[in-house]
Every structure is written in structure tokens, then in C-alpha cells.
Amino acid sequence: MARAPEGPVPVVVMGLGFIGQEIARAAMTSPEVELIGAVDTQPSLVGRALGDVLGGPAPRVKVVDSLEKALAKRKGAVLLHATGSRLPQVMEQILAALKLGLPVASTCEELAFPYLKYPELAEKLDQAAQKAGVAVVGTGVNPGFALDRLVAVAGQVCGPVRRATATRVVDARTRREALQRKVGAGLTEDEFFELVDGEQLGHVGLVESAALAALGLGLDCDDYEEEVAPVFAEEDITGGAFPVKKGRVAGMFQSVVGLEEGQERVRLELTIAMGADDPKDRIEIDADPKLVLEIPGGVAGDRATANALVNAAPRLTAAEAGLLTVLELPAGR
């Protein structure tokens with residue numbers, strides 16, 4: 001295993017959308033990392049000062065369109081990657097980083113547990129990371145913490161787990177407009193299901209979280225069932241990026257059930273809707289002893305995801321080489 005870094009770990013942020021910018025800001029406040037580069041291929045961003053893009057103080061870094069330019073011969077850097085949710089879409093970017101010898105922490109939701117849907121791509125990534133002698137992990141708040149890693153950690157103080165249920169409720173009004181659109185706010189019921197059928201709506205990564213939770217709890221789930229349904233506005237809703245009329249879709253309810261020989265062992269339930277009541281994260285573990293954890297208001301989504309990537313960077317430099325899950329990240333800060 002590699003030794004822990006003695007000083008701040010240099011990091012490069014790839015992808016300067018909303019989350020990528022949050023990651024850059026989180027990196028600037030962390031004593032454990034040093035932000036040395038920013039990469040984005042959008043022509044409107046390339047060549048601009050990072051501070052200009054972020055709208056505030058930042059290191060004297062310009063946005064460039066390739067990792068090679070961002071590194072500027074610096075060694076020992078970690079890539080904080082935030083360009084997409086689907087693994088096939090970001091695969092080549094991650095492989096390119098590994099070829100340069102960079103450990104990678106990515107927000108790609110499907111990378112949180114790629115063995116479930118993409119075993120061949122997972123094997124390819126694992127081999128490339130081992131060849132480069134570095135680690136790669138998909139992390140964030142969901143997947144990466146609230147409905148999987150936290151569930152697994154809670155299970156460590158229990159006896160054999162019979163069943164686990166984790167619930168996350170998010171008032172979408174407190175989140176960015178892109179997320180409000182992503183959960184279908186403002187749509188009709190027909191429009192909602194049309195986008196669900198086209199895989200253009202819903203939360204990516206919930207089934208990966210269920211698989212991670214099962215793994216961390218020592219449960220052997222052999223099947224996962226996922227459902228998505230609209231949540232309707234019972235009255236006119238304001239306070240978000242746009243108003244939602246009564247009767248229109250306010251957001252979504254999404255669930256995944258992990259089964260073992262037909263028996264429910266893991267249930268994850270996610271509600272993200274404008275005006276959702278009682279936002280929280282809640283975990284119930286049926287074991288001896290039984291355990292119930294609740295976080296009123298829930299873990300803050302965007303900032304928590306940014307912090308998860310930044311905090312993973314020094315952990316990755318001390319981790320075994322290969323494709324990891326968050327369950328395998330070294331503990332501590």
C-alpha cells in the first residue's frame with residue numbers, strides 16, 4: 001500500500017458544470033489538497049481564468065481542454081472528475097487519466113459499483129488502474145454515502161443483518177435548477193413517464209447504492225427491482241427555480257429492492273420533489289440490536305458530493321491500486 005501524502009495533494013478538476021465548480025471551491029478550502037488545474041472542453045470556458053468561471057478568488061489557473069495541459073509536468077496529482085453520470089460516456093476520460101498515472105475520484109454514479117451493469121468495463125478499468133499503480137473510485141453523497149456507505153458503517157455495530165431500509169427525502173427547491181428539471185418538476189404525468197422510458201429522467205445510481213449497501217452489510221442479494229413514480233403537487237408550489245402548478249409533477253419517488261432468493265433484504269427509497277415534506281436521511285437496520293439513524297434535513301447534496309471527492313483525494317494516494325468502491329477507501333481524514 002502506498003504511504004499517505006506528507007503535504008497537500010495536487011488535484012485537477014475535470015468538468016466545470018455546477019458540481020465541478022463546487023468541487024473546485026471545496027478543494028480551495030481544504031488543507032489536504034492543492035488545486036493546480038481545471039479542465040473543460042466547452043469553448044466558452046477554455047482559456048478563461050478559473051476565478052472568472054467561479055466568480056470569486058481562485059488559484060492563478062486557466063481552464064484548459066486537456067489533462068496534459070492542466071498537469072504542466074506536475075507529478076503526484078489526483079483527478080477530481082465530474083463530467084457525466086453514465087459509465088460508458090466517461091470511460092475514455094477515466095482511462096486517459098489512468099494512462100497518465102492519475103488516481104481518479106469521480107462523481108459518475110454508475111462508477112460507484114460498475115460490476116452490476118458493466119462487468120466488462122469494470123474489469124477493464126481495474127486492469128488499467130493496476131497497470132498504472134493507482135486507484136479509481138466513484139463517490140459522492142448519493143451514491144457514495146447517504147444510502148450505502150453510511151448504511152454499511154452503521155451495520156458494523158449490529159449482529160447479522162436480516163433487512164435494511166434507507167430513506168432519503170430531498171426538497172428539490174433547495175437544489176439547483178438542473179436537478180429540479182431532472183426529477184420532472186413541472187411536467188404532466190404523460191411527459192414524466194415518456195422521459196422515464198427514454199432514461200432521461202430519474203436518479204442514476206440508486207441500484208448501485210443498493211448493491212453497495214448489501215455488500216457492506218454482508219447480504220447476498222441476487223436480484224434488484226427498481227421503480228420510478230411521479231410525486232404530484234397538491235397545491236401551487238413556489239420557492240424553486242420555477243413555479244409548479246397544482247396537479248403537475250412536483251418531483252419523483254424512486255425505490256430499489258434488493259432480493260435474496262425472493263426475500264427482501266435491502267430497500268432504498270428516494271424522494272426528490274419540490275416542497276417535499278420532512279427532508280431527512282433515515283436508516284433502519286433489522287438486526288440484534290436493531291438500529292435506527294436519522295439526519296434531520298438530510299446530508300446536503302451538492303456540497304457533500306464536492307467534499308466527498310476532495311476528501312477522497314489523499315485517501316486514494318494511500319489506497320491499493322485498482323478499481324475500488326467507497327467501502328474500500330481508507331478511513332479517516
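1. Arg181 is partly exposed in this predicted model, with a relative accessible area of 46%. Its salt-bridge partner is Glu177, and the closest N and O atoms of the two residues are 3.1 Å apart. Glu177 also counts as partly exposed, at 38% relative accessibility. Both residues belong to helix α7 (residues 177–182), and because they are four residues apart there, about one helical turn separates them.

2. Glu264 pairs with Arg163, with 2.4 Å between the closest N and O atoms. Since Glu264 lies in strand β10 (residues 263–273) and Arg163 in strand β7 (residues 163–171), this pair ties together parts that are 101 residues apart in sequence. Glu264 has a relative accessible area of 23% and is partly exposed; Arg163, at 32% relative accessibility, is likewise counted as partly exposed.

3. Glu264 also forms a salt bridge with Arg267, where the closest N and O atoms are 3.0 Å apart. Arg267 is partly exposed, its relative accessible area being 21%. Elsewhere, Arg86, Glu110, Lys117 and Glu208 are linked in a network of salt bridges. The count of salt bridges in the model comes to 23.

4. Strand β1 (residues 9–14) is mostly covered, with six of its six residues buried. In a regular strand, side chains alternate between the two faces of the sheet. In β1 both faces are covered: Val9, Val11 and Val13 are buried on one side, and Pro10, Val12 and Met14 are buried on the other.

5. The strand partners of β1 may be taken in turn. With strand β2 (residues 33–39), β1 pairs in the parallel sense over six bridges, and Val13 stands opposite Ala38 of β2. Between these two strands the chain passes through helix α1 (residues 18–29), and this β-α-β crossover is right-handed. With strand β4 (residues 78–81), β1 is joined by four bridges, and the two strands run parallel. Here Val12 stands opposite Leu79.

6. The largest nonpolar core has 83 residues, and those with the most contacts inside it are Val11, Ile23, Leu80, Tyr224, Ile272, Met274 and Ile285. Helix α9 (residues 206–217) gives the most to this core, contributing eight residues. Another core, of 27 residues, lies apart from it and includes Leu67, Val90, Leu98 and Val134.

7. Leu291 is found in strand β12 (residues 291–296). Its relative accessible area is 21%, and Leu291 is therefore partly exposed, given that buried means under 20%. Leaving aside neighbours within four places in sequence, Leu291 is in contact with Ala154, Val157, Cys158, Ile283, Glu284 and Ile285. The C-alpha atoms of Leu291 and Gln254 are separated by 23 Å, these residues being 37 residues apart along the chain.

Terms used: Residues numbered from 1 in each chain as written. Predicted model: local features only at pLDDT ≥ 70, side-chain atom pairs only at ≥ 80, totals over all residues. Heavy atoms only, no water. Buried < 20%, exposed > 50% of the residue type's maximum accessible area, 1.4 Å probe, protein only. Pairing = 2+ DSSP bridges. Right-handed = clockwise from strand over helix to strand, strands pointing away. Core = buried A, V, L, I, M, F, W, Y, C linked by side-chain atoms within 4.5 Å. Contact = heavy atoms within 4.5 Å. Salt bridge = Lys/Arg side-chain N within 4 Å of Asp/Glu carboxyl O.
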